[in-house]
Each structure stands twice: as structure tokens, then as C-alpha cells.
Amino acid sequence: MRIKKKKLARSPEVVVSTLFFFLIWRRTSVVQRETCSLRHCICRLSEMELKSVCRMLLFPVQILYYVLRATFQSLLPSRRKDLSREVVLITGGGRGIGRHLAAEFAKQGARKVILWGRTEKCLKETAEEISLSGTECHYFLCDVANREEVYKQAKVVREKVGDVTILVNNAAVVHGKSLMDSDDDALLKSQHINTMGQFWTTKAFLPRMLELQHGHVVCINSILSQSPIPGAIDYCTSKASSLAFMESLTLGLLDCPGVSCTTVLPFHTNTEMFQGMRVRFPQLFPPLKPEVVAQRTVEAVRSNRAFLYLPWTMHALVILKSFMPQVALEEIHKFSGSYTCMNTFKGRT
């Protein structure tokens, strides 16, 4: 046996054969592993593609479900937010829609109401009126166009009154002239108050809302942000920017529990801001009452509604604009009188 083993060990043919078969075995194993890995990748890829296809097929069904659910919920009485713990701050709260908003929030149970504005007389009168109704009310002089002033007064509000849980961006101005007749400083003023003011107030109060996981940002916009008219180019432009700001903010807060947004887009409202503005058929398109705008706004906040058009017929205007040719839209403007409605403008700038 020993002799055989020695002969076998010394045989070069046996060594070569053994090495050859060993290399073949190793290569076969590598190929098998690579084949299994490739099959696994193909299976995973097929699963991913299958999931993507399923998601694409289910997406229209999902959208239809949400549309039907929203329609059904709109027909039923919704659960409303309790305002008894809310601290409401309203910019431009001394007059116009802002004054009625303060009264309506107080009427519906807000714990505290804070007014911001540039005219102390109006702020003081409104604050006294709210206080007489039994709701704690404070006012502060603040120009929302001034970033440093906004941040400074926001700090004062937190120290003296407490955390703001509902911010209502209502302050706005209108110049009421065509582009070529407008003063440059007046145009800048419109943009700074109507648009940039929202940036500063929201940046001042939103972080604490996110920290508390409780808050609401409200914007009193205008239907003119989606259907501009001549003679108010500064106002229309600033409100369009404001709308884009709110649309982006609303989407950005989807994953932030407890914090919501509401954007209100009213038709022409009967306040001194747009005094003198005339449409051709006032019986068909009567101006809104500011108290009605305030009431519907508070209701939208309490029901957590993201966008509110006033009146509801303004939805038709937006839909028509999405598919009608420009020449047809121009004729609608001329027929309704919106083409020349600012010619008699005498409002407050």
C-alpha cells in the first residue's frame, strides 16, 4: 500500500488531472453563484416593476376615492375645531375685513385676540370693542413690510401675551393705478406688505407652532390673484405671489401634524379699501359684506379647509380660465365690466 501511494503521488498525470478537475469545479461554482445572483436581481426587478405598475393602475382609483370622500364630507356637518385655547393674531386688524375677523374669532370663542396694524386709533377702537365682548384683546403697532419690526414685535407678543396658535395674514394695500401711472415706491410698498409681509410673519410664528404641533396659518387673499384686472396691477401681482406662497406652504406642511393652512379668495368686498370700484351688473355680482367674509373664514379655519372661494361661483371663473381662449376671456372682462371697474376707484391706498 505504501508503494502504491508513493507511485500515485509521484504520477504527474494524476496531479494534472486533479488540478484540472478542481479548477473546473471552482469555475462551475462561481458560474452557479453568478447565475443565482442574476436570477435574484431579475426577480427583484420584476417585483419592483410589478409594484410600479400596480401603483399606476391604482392611482386613478385612489384619486377618485378622495374626490368622492371630499364631496361626501362636504355634504355632512363637519367636526369643528374648538377655539377656546387659541391665541389669534390678525395683521391689518384695525379696520376692514381684519376688524370683522377679530370680532368673529372672539364671538366663536377664541381665548385671546391680538391685532397688528399701522394706525393706532383704529387698533385701539377695535381692541376696546373686542374687550367689551368679553374676550381678552391686545394690539401692537407693526408694519409687516418691515422685517426687523415683525421679528421684534413677535418676540414682544410671545413675552406679553403668549404663543400665537392662529396667524391671520390679512394686511394689504392697493395702489389702484396702471403700471405706467404708478409710482415706483408705491409698487414696492404693495409687494412688501401684500407678499413679503407674509414671509416675515410666518417665519416669526410658524416655528413655535411646529414645535407645539398645534397651529394654523390663514391668508386673506383675493380672486384677483387668479383673474387679474387692469388698474390694479400691483395688487393682482402681489396676491398671485401670495397665493403661490400659501399653496407651497400648504403642501410643505402635509407631514407636520397639528399645523394647517387656510387660504381665502373672496370676490370684491365692500370695504373702504376698494371704494369706488364698480362692476357692470352689481345685481348679478354684488360686493361681499366684510362680516360674511369674516364668518366664512372662521368657519373654514374651524373645519380645517385648505382653500375657500367666496362666493362659490368663483370656481366657475377659474375653470373657464383654464380652457377658454384669451379672446373669449377678454370679451367676458369687457361684458362684465371688470375691464373698466377700476376707472372709478377711490379707495384707500
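## Notebook: strands, helices and cores

Entry 1: Strand β5 covers residues 215-220 and β6 covers residues 259-266. The two run parallel, and 6 bridges join them.

**Entry 2: confidence.** The chain's mean pLDDT is 85, and 81% of the residues reach 70 or more. Then I turned to the start of the chain. Over residues 1-10 pLDDT stays under 50, and the model has 2 contacts for this stretch beyond four places in sequence. I wrote myself a reminder: where pLDDT is low, the predicted coordinates should not be read in detail.

**Entry 3: the whole chain.** Of its 349 residues, 39% are buried. I also checked how far along the sequence the contacts reach. Taking contacts between residues at least 6 apart in sequence, 74% join residues at least 24 apart.

**Entry 4: the sheet.** In what order do the strands of the open sheet stand? Reading across, I found β3-β2-β1-β4-β5-β6-β7, 7 strands with parallel pairing. Strands β3 and β7 (307-310) stand at the edges, and each has a single partner strand, so one side of each has no neighbour in the sheet. From one strand to the next the twist averages 15 degrees.

**Entry 5: strand β2.** In β2, 6 of 6 residues are buried. On one side these are Lys112, Ile114 and Trp116, and on the other they are Val113, Leu115 and Gly117, so both faces are covered. For its pairing with β1, I found 5 bridges between the two parallel strands. One detail to look for in the viewer: Leu89 has Ile114 as its bridge partner in β2.

**Entry 6: a helix across the sheet.** Which strands does helix α3 lie across? Helix α3 (residues 96-107) lies across β1 (87-91), β2 (112-117), β4 (166-169) and β5. Compared with β1, this helix runs at about 170 degrees.

**Entry 7: the cores.** The largest nonpolar core has 34 residues. Those touching the most other members are Ile90, Leu101, Phe105, Val113, Ile166 and Val168. Leaving out residues up to four places away in sequence, Phe105 touches Leu83, Val88, Ile90, Ala110, Ile166, Val168, Val298 and Val301. Another core lies apart from the largest one. This other core has 29 residues, including Leu89, Val150, Trp200 and Val217.

**Entry 8: Thr135.** I found Thr135 in the loop between α4 (120-132) and β3 (136-141). Why does Thr135 count as buried? Its relative accessible area is 7%, and buried means under 20%. Neighbours within four places in sequence aside, Thr135 is in contact with Ala106, Ala110, Arg111, Val113 and Ile130.

**Entry 9: Leu210.** This residue sits in helix α6 (residues 184-212). Leu210 is partly exposed, at a relative accessible area of 35%. Residues up to four places away not counted, Leu210 touches Leu253, Cys256 and Val259. I also looked at Gly258, which is 48 residues away from Leu210 along the chain. The C-alpha atoms of Leu210 and Gly258 are separated by 7.9 Å.

**Entry 10: Ser336.** Helix α10 (residues 326-336) holds Ser336. With 16% relative accessibility, Ser336 counts as buried. A polar atom of the Ser336 side chain lies 3.3 Å from the backbone oxygen of His333. Beyond four places in sequence, Ser336 is in contact with Val279, Arg280 and Phe281.

**Entry 11: Trp312.** My last stop was the loop between β7 and α9 (314-323), where Trp312 lies. Is Trp312 buried or exposed? Its relative accessibility is 67%, so Trp312 counts as exposed. Pro266 is 46 residues from Trp312 along the chain, and their C-alpha atoms are separated by 9.3 Å.

How values were computed
Residues numbered from 1 in each chain as written. Predicted model: local features only at pLDDT ≥ 70, side-chain atom pairs only at ≥ 80, totals over all residues. Heavy atoms only, no water. Helix = DSSP H or I, 4+ residues; strand = E, 2+ residues; numbered from the N terminus. Buried < 20%, exposed > 50% of the residue type's maximum accessible area, 1.4 Å probe, protein only. Contact = heavy atoms within 4.5 Å. Pairing = 2+ DSSP bridges. Axes fitted to C-alpha atoms, helices over the stretch in contact; angles between N-to-C directions. pLDDT = per-residue confidence, 0-100. Polar contact = N/O pair within 3.5 Å; in protein donor to acceptor, adjacent residues only side chain to side chain. Core = buried A, V, L, I, M, F, W, Y, C linked by side-chain atoms within 4.5 Å.
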